[in-house]
Amino acid sequence: MASKHTKSFKDSMSMASDLIHDFVCSPCHEDKLNTEAKYFCGDCSKYFCDKCLTFHSKLFKQHVVLGRKDVDKWVGQGDALISCDFHPGKVIELLCEDHAEMCCHLCVSLNHRMCRTISLISDLAKDVYKMADFKQLPSKVAKITTSLNQVREVRKKNQDSLKTSGKFMLTKIKDLRKSLNQLLDKLEKRTVKQMDSVLADLDVTLQKDIDSCTLIHDQ
């Protein structure tokens with residue numbers, strides 16, 4: 001494996017706002033900002049937003065800058081490519097289709113020399129913005145996002161309903177416990193009263209026997 005893509009993705013997400021752009025302004029990215037790039041400088045191999053391009057143009061007036069209309073020429077260029085974690089300074093530019101891994105040139109030399117299909121990512125991504133599937137991607141993502149939002153709202157309502165039901169059941173349990181306590185209290189009082197009555201009757205009978213024994217003894 002050539003790069004820890006999961007870690008790179010998490011790191012990039014931690015810097016992102018609510019929007020995730022196809023190309024992020026390079027100077028803004030260095031300042032931990034997430035700004036959409038609208039221009040690409042082939043001489044600098046960097047992306048720029050409107051604000052950063054103004055400063056760039058003052059310093060490098062001879063550099064060729066490409067706009068969004070030439071975005072298909074941006075693909076596979078610039079510093080937006082992922083750097084190889086195993087070979088610092090090397091950029092992930094190749095795809096080993098045998099292992100389904102993205103690699104740098106050094107990775108290919110060391111680990112993929114026997115692989116049959118090694119392709120440039122830039123060649124694979126060529127004209128990707130003109131493909132029908134890619135053009136349909138925003139609408140598909142929008143539909144999925146809408147569906148996710150609907151599911152989330154339904155789940156929130158279910159969650160609120162669950163909390164309400166839980167509170168209702170808790171009230172019922174407490175009421176049942178109160179009723180049971182009242183019944184047990186009544187049963188306890190009735191049982192104690194009956195027991196006192198039985199004990200009193202037995203005590204009277206025993207006392208009569210004692211008195212009879214005493215009288216017979218005295219006689």
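Cys103 is buried, with a relative accessible area of 0%, where buried denotes under 20% relative accessible area, exposed over 50%, and partly exposed the range in between (1.4 Å probe, protein chains only). The model is a predicted one, in which local features need pLDDT of at least 70 and side-chain atom pairs count only at pLDDT 80 or more, whereas totals for chains, interfaces and linings use all residues. Residues are numbered from 1 along each chain as its sequence is written, and side-chain values use heavy atoms, with hydrogens and water left out.

The sulfur of Cys103 lies 5.5 Å from the closest cysteine sulfur, that of Cys96, which is too far for a bond. Cys115 is likewise in no disulfide, although the sulfur of Cys96, its nearest cysteine sulfur, is 3.5 Å away; a disulfide is taken here as a pair of cysteine sulfur atoms within 2.5 Å. Cys115 counts as buried, at 16% relative accessibility. A search of the whole structure finds zero disulfides.

These cysteines belong to the largest nonpolar core, which has nine residues, namely Cys84, Ile92, Leu94, Cys96, Cys103, Cys104, Cys107, Val108 and Cys115. A nonpolar core is defined as a set of buried Ala, Val, Leu, Ile, Met, Phe, Trp, Tyr and Cys residues joined through side-chain atoms within 4.5 Å. Strand S4 and helix H4 (105-111) are the elements that give two or more residues to this core. A second, separate core of eight residues includes Phe23, Tyr47, Trp74 and Tyr129. In soluble globular proteins, nonpolar side chains tend to be buried together. When residues up to four places away in sequence are not counted, Cys96 touches Glu101, Cys103, His112, Cys115, Thr117 and Ile118, a contact being heavy atoms within 4.5 Å.

Across the chain there are six helices and six strands, assigned as DSSP runs (helices, H or I, of at least four residues; strands, E, of at least two) and numbered from the N terminus. Read along the sequence, the chain follows the pattern α-α-β-β-α-β-β-β-α-β-α-α. Of its 219 residues, 16% count as buried. Among contacts in the chain with a separation of 6 or more, 40% are accounted for by residues 24 or more positions apart.

Helix H6 (residues 132-218) comprises 87 residues and reaches 125 Å from its first C-alpha to its last, close to the 129 Å expected at 1.5 Å a residue; the expected span is 1.5 Å times one less than the number of residues in the helix. H6 bends by about 35 degrees at Pro138, the bend being the angle between axes fitted to the seven residues ending there and the seven starting there.

The structure holds three salt bridges, each defined by a side-chain nitrogen of Lys or Arg within 4 Å of a carboxyl oxygen of Asp or Glu. Side chains of opposite charge can pair when their charged atoms come close. In one of these salt bridges, the side chains of Lys46 and Glu30 meet at 3.6 Å, N to O. This pair links distant parts of the chain, 16 residues apart, with Lys46 in strand S2 (residues 46-48) and Glu30 in helix H2 (residues 26-30). Lys46 is partly exposed, with a relative accessible area of 28%, whereas Glu30 counts as exposed at 53% relative accessibility.

Glu36 and Arg68 also meet through their side chains in a salt bridge (3.1 Å, N to O). Glu36 lies in the loop between H2 and strand S1 (39-41) and Arg68 in the loop between strand S3 (65-66) and strand S4 (94-96), so the pair ties together parts that are 32 residues apart in sequence. Glu36 is partly exposed, with a relative accessible area of 33%, and Arg68 is partly exposed at 32%.

A further salt bridge joins the side chains of Lys38 and Asp50 (3.3 Å, N to O). Since Lys38 lies in the loop between H2 and S1 and Asp50 in helix H3 (residues 50-59), the pair ties together parts that are twelve residues apart in sequence. Lys38 is partly exposed, with a relative accessible area of 37%, and Asp50 is partly exposed with a relative accessible area of 37%.

Gly67 is placed in the loop between S3 and S4 and is buried, with a relative accessible area of 17%. The C-alpha atoms of Gly67 and Lys38 are separated by 6.2 Å, the two residues being 29 residues apart along the chain. With residues up to four places away in sequence not counted, Gly67 touches Lys38, Tyr39 and Trp74.
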